[in-house]
Amino acid sequence: MSNSGRLAGKRALVTGAASGLGRAIARSFVREGAEVIITDINDSAGRTTADDIGARFIAQDVTDEAQWADLFATIEADSGPVNILVNNAGFADAGLGTLLEDVDLEHTRKIFNVNFDGTLLGCKYAIRHMRQGGGSIINMSSIGGLLPVPFIAGYGAAKAAVRHLTQSVALYCAQQGYPIRCNCIHPGQIRTPMHDRLVAATAAQHGITQEQAEAGFLTQIPTGEFGSEEDVANAALYLASDESRHVTGDRMLVDGGMLLSN
């Protein structure tokens, strides 16, 4: 795909971008002319990805508030203000496939700690640093934040909280007169390593093959196909660009129509 410069002159920060959706989003931003900083808790994979896509890597644990403060300060001192933040870092593996009556509270706390607390901290520091120059905050939720997902209930609840937080941040910034937009993306069944682990856990839980489990997930998608990482990256690109300048507090579904059939 050719570079049309839709993000030329912008500086973007994408968390959890060593692999999966974060990597695809960061790669798309670089291709469209942005200066991109990616973060991840996986130092080795983060550096490799940064080298591959032409971004800068900074190691980060999104649950550590001090690291958020240092991150924004470092970027501003070295390069200038951040215009785009994608709160992509997420975690779903704890307790994957566990029956609800067997849920481990510590596992759920870890899921909330990464998915919600990490996103809240990202919004907090982005607002502090964007309130003068403006910017776009993009939070990664999930179709699981809009539909019941009893097989990963803690994850779904955390992503639902991200959706609610997004609306609150959007309204707050508008009320304060800050030129900051905040929106969230709800991917459906997207082919990622996390999707593959979910399929495997579902197969094991129900005593079926992975092929059967995957076919079951596919029946939930009206368009009849799984999404790609690029589909999600394209949604993020729109919300990051000036094309969405009048869009805030919105939810963008990238789900092949899953919400329509539930």
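Reader: What's the strand order in the open sheet?
Author: Seven strands, in the order 3-2-1-4-5-6-7, with parallel pairing. Strands here are DSSP E runs of at least two residues, helices are H or I runs of at least four, and both are numbered from the N terminus. Two strands pair if DSSP finds at least two bridges between them.

Reader: Which strands stand at the edges?
Author: Strand 3 (56–59) and strand 7 (251–254); each has a single partner strand, so one side of each lacks a neighbour in the sheet. The twist averages 20° from one strand to the next.

Reader: And how many bridges join strand 6 to strand 7?
Author: Four, with strand 6 covering residues 180–187. P187 has V254 of strand 7 as its bridge partner.

Reader: Before we move on, what kind of model is this?
Author: A predicted one: local features need pLDDT of at least 70, side-chain atom pairs count only at pLDDT 80 or more, and totals for chains, interfaces and linings use all residues. Residues are numbered from 1 along each chain as its sequence is written, and side-chain values use heavy atoms, leaving out hydrogens and water.

Reader: OK, helix 6. Which of its residues are buried?
Author: H195, L198, V199, A201, T202 and A203, where buried means under 20% relative accessible area with a 1.4 Å probe, protein chains only.

Reader: What do they pack against?
Author: Helix 7 (210–218), with contact meaning heavy atoms within 4.5 Å.

Reader: What comes just after helix 6?
Author: G207, which takes a positive phi of about 65°.

Terms used:
Buried < 20%, exposed > 50% of the residue type's maximum accessible area, 1.4 Å probe, protein only. Axes fitted to C-alpha atoms, helices over the stretch in contact; angles between N-to-C directions.
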